[in-house]
Amino acid sequence: MRNGWLCLLLLACASDKSADPEGNIPRLEFIAEYAMNMSEPSGLALGAGGEVLWAVGNAPERVYKLTTDGQVLDALSYVGQDLEGIAYDPTDSTLWIAEEERREIVQLDQSGTVLKRHALELDGGFNNGLEGFSLDDEGSFYLLNEKNPGLFIALNPDLSVRTQRQLDFATDYSGLAYDRLLDGFWVLSHEDQALYFWTEAGGVSESYETPVPKVEGVAVDANSGRLYIVSEADNTLHVYALGAGE
C-alpha cells in the first residue's frame, strides 16, 4: 500500500459547501492498491453488475476487460488511435470509447467489432482532446475535453450536443465517472493530481489530493459503494469505499 494515497482521504477538503449544503458527498476510505498486468491504463468504466472493469490502454492501443483487482481477462480485437476514455452501456452491453486525436467516439461490441463512429466538432491542439467518458441511466453521454479549452460535453442519446460548458476548476481534465446516487460526476485532473466531485448545477463541492502521478481513469460502483482510479504512470489500480459524508 502506498502511504501517499491515504492523503486522498485525510486531505479531502470542501471547495464550495454551497454546492452541497446537506454535506452528502462521501469520504473516500482506502481499501487496496493493485499492480495491473497492462501498460498505460487510461480510461476506466464499470462493467455489468460491477463484476468487471473495462479499460483502455496506450501501449498498445487496446481495450481490456479486467477483474476488479486490475487483472486482464480479455483484450478486444479493436486497435485504436490515442484511446483515452471508455464507457459501458448497460442497455445493450456495448462499449463506447473516446479517441483523443480524432475527436471521435466509437461504439464496439464486446469482441471489438466497430458498430458506430461519431466525430465531435472540437477545436484544439494535438493531445488536448477527448479524455473522460461516462453514461447515465437514461442513455445520455458525458465527455471531457482535456484542456485548451477544458470542456464538459453532454450528448443526447442520439449523439446530438445537449450541453457544452467550459470548465475552470482544474489545469486539465483526465477522467470522468457519473455517480447516479449523488447525481453528479467524479472528475480527475492528472496535472493537478486531484479528484473532484462536480455537478452541472452546483460546481465543485469536494476536492481530494491524489499524490500518485498521472491519474487517468475513474469508475464508480454506486451499488457496492466502491470507487476505482487508475494511474498511467505506474500501472496501478486504487480502490476506495465511499464512506458516509461529514
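Residues are numbered from 1 along each chain as its sequence is written, and side-chain values use heavy atoms, with hydrogens and water left out. Because the model is predicted, local features need pLDDT of at least 70 and side-chain atom pairs count only at pLDDT 80 or more, while totals for chains, interfaces and linings use all residues.

## An open sheet

Strands here are DSSP runs (E, at least two residues), numbered from the N terminus. Two strands pair if DSSP finds at least two bridges between them. Strands of a sheet pair through backbone hydrogen bonds, either parallel or antiparallel.

An open sheet is formed by 4 strands in the order E2-E3-E4-E5, with antiparallel pairing. Strand E2 (41-46) and strand E5 (72-75) are at the edges with a single partner strand each, so one side of each has no neighbour in the sheet. On average, neighbouring strands of this sheet are turned by 25° against each other, direction ignored; the axes behind such angles are lines fitted to C-alpha atoms, and angles in general run from 0 to 180 degrees between N-to-C directions. Within the sheet, strand E3 (residues 53-58) and strand E4 (residues 61-66) are joined in the antiparallel sense over 6 bridges. Asparagine 58 stands opposite glutamate 61 in E4.

Strand E16 (residues 194-199) is mostly covered, with 6 of its 6 residues buried. Buried means under 20% relative accessible area, exposed over 50%, and partly exposed in between (1.4 Å probe, protein chains only). In a regular strand the side chains alternate between the two faces of the sheet. Ala194, Tyr196 and Trp198 point one way from E16, Leu195, Phe197 and Thr199 point the other way, and all are buried.

E16 pairs with strand E15 (residues 184-189) in the antiparallel sense over 5 bridges. Serine 189 has alanine 194 in E16 as its bridge partner. The hairpin of E15 and E16 has 4 residues between the strands, and in this hairpin glutamine 193 takes a positive phi near 50°. E16 is also joined by 6 bridges to strand E17 (residues 203-209), and the two run antiparallel. Tyrosine 196 has serine 207 in E17 as its bridge partner. E16 and E17 form a hairpin with 3 residues between them.

## Pocket and cavity

Rolling a probe the size of a water molecule over the atoms shows where empty space is left. On a 1 Å grid over the protein atoms alone, a cavity is a set of points where a 1.4 Å probe fits but cannot get out; a pocket is an open set with protein on both sides within 12 Å along at least five of seven lines, and lining residues have an atom within 4 Å of a point. Grid points are joined across faces, edges and corners, and a volume is the space filled by probe spheres set on the points.

The largest pocket has a volume of about 490 Å³. Its lining has 26 residues, and those closest to the centre are Leu46, Leu135, Asp137, Tyr178 and Val220. Two or more lining residues come from each of E2, strand E6 (83-89), strand E10 (130-135), strand E14 (175-179) and strand E18 (215-221). E18 gives the largest share, 4 residues.

The structure holds 1 cavity of 30 Å³ or more. The largest cavity has a volume of about 50 Å³. It is lined by 14 residues, with Gly43, Leu44, Gly132, Phe133 and Leu176 nearest its centre. The elements that give two or more residues to this lining are E2, E6, E10, E14 and E18.

## Aromatic pairs

Rings of Phe, Tyr and Trp (its six-membered ring) pair if their centres lie within 6.5 Å; planes under 30 degrees apart count as stacked, over 60 as edge-to-face and the rest as tilted. By this rule there are 15 aromatic pairs. Tryptophan 96 and phenylalanine 141 form an edge-to-face pair, 4.9 Å centre to centre with 80° between the planes. Tryptophan 96 is in strand E7 (residues 94-99) and phenylalanine 141 in strand E11 (residues 141-145), 45 residues apart. Both tryptophan 96 and phenylalanine 141 are buried.
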